[in-house]
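Please consult the sequence and the structure shown here.

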Amino acid sequence: MKKVFRICIYLNVVMLLVACTSSSSGEATIKKYEIKNDGKTITTLGIQQAINECSANGGGIVTLPAGDYLTGTIILKKNVTLHLEKGAKISGVEDIAHYPDKVRRKALIFADHADNIAITGEGEINGNGYFINNGNDAPNRPTLVLLFDCKNVKVDGVKMTNSAFWTFR
């Protein structure tokens with residue numbers, strides 16, 4: 001019985017590593033979830049699926065290798081680090097419909113009651129804020145990173161640019 005239990009634990013750890021860290025370059029993650037990094041294809045769903053699976057399996061690191069990832073709102077979940085390698089850029093979609101209201105606000109990267117989260121790496125988060133930033137519609141402009149009631153948050157190394165509203169809140 002102990003041997004079966006150990007095997008189950010081992011398999012769960014291996015599955016977690018495959019889902020979250022995949023490889024040091026993140027290439028397996030973008031292939032598994034069919035995430036395009038061409039700056040033209042909207043990749044919100046694939047990145048969100050990787051984050052969701054990673055969190056459901058106990059947490060880990062979702063790594064995005066170099067490339068341009070066009071997205072709407074991405075929701076960070078507990079125990080997940082979003083790691084942007086050097087040359088990786090998350091670019092906000094230039095269509096407000098891709099930013100659903102979250103706690104009465106819009107955001108490119110959002111988390112609510114998500115503990116032990118991080119955004120790390122040498123990459124960039126670019127909100128492409130000029131598409132809506134005309135100064136008179138603040139409630140409809142997405143914040144770049146919006147975190148509500150989160151504990152143990154780490155942000156390290158990433159460059160944040162071109163927010164349509166607040167950069168980090």
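Is lysine 89 buried, partly exposed or exposed? At 25% relative accessibility, lysine 89 counts as partly exposed, where buried means under 20% relative accessible area, exposed over 50% and partly exposed in between (1.4 Å probe, protein chains only). This is a predicted model, in which local features need pLDDT of at least 70 and side-chain atom pairs count only at pLDDT 80 or more, while totals for chains, interfaces and linings use all residues. Residues are numbered from 1 along each chain as its sequence is written, and side-chain values use heavy atoms, with hydrogens and water left out.

**Salt bridges**

- Three salt bridges are counted, each defined as a side-chain nitrogen of Lys or Arg within 4 Å of a carboxyl oxygen of Asp or Glu.
- Lysine 89 pairs with aspartate 68 at 3.9 Å, N to O; lysine 89 lies in strand E6 and aspartate 68 in strand E3, so the bridge ties together parts 21 residues apart in sequence.
- Aspartate 68 is partly exposed, at 22%.
- Aspartate 101 and lysine 106 form a salt bridge at 2.9 Å, N to O; aspartate 101 is exposed at 51% relative accessibility, whereas lysine 106 is buried at 11%.

Key. Helices (H or I, at least four residues) and strands (E, at least two) are DSSP runs, numbered from the N terminus.
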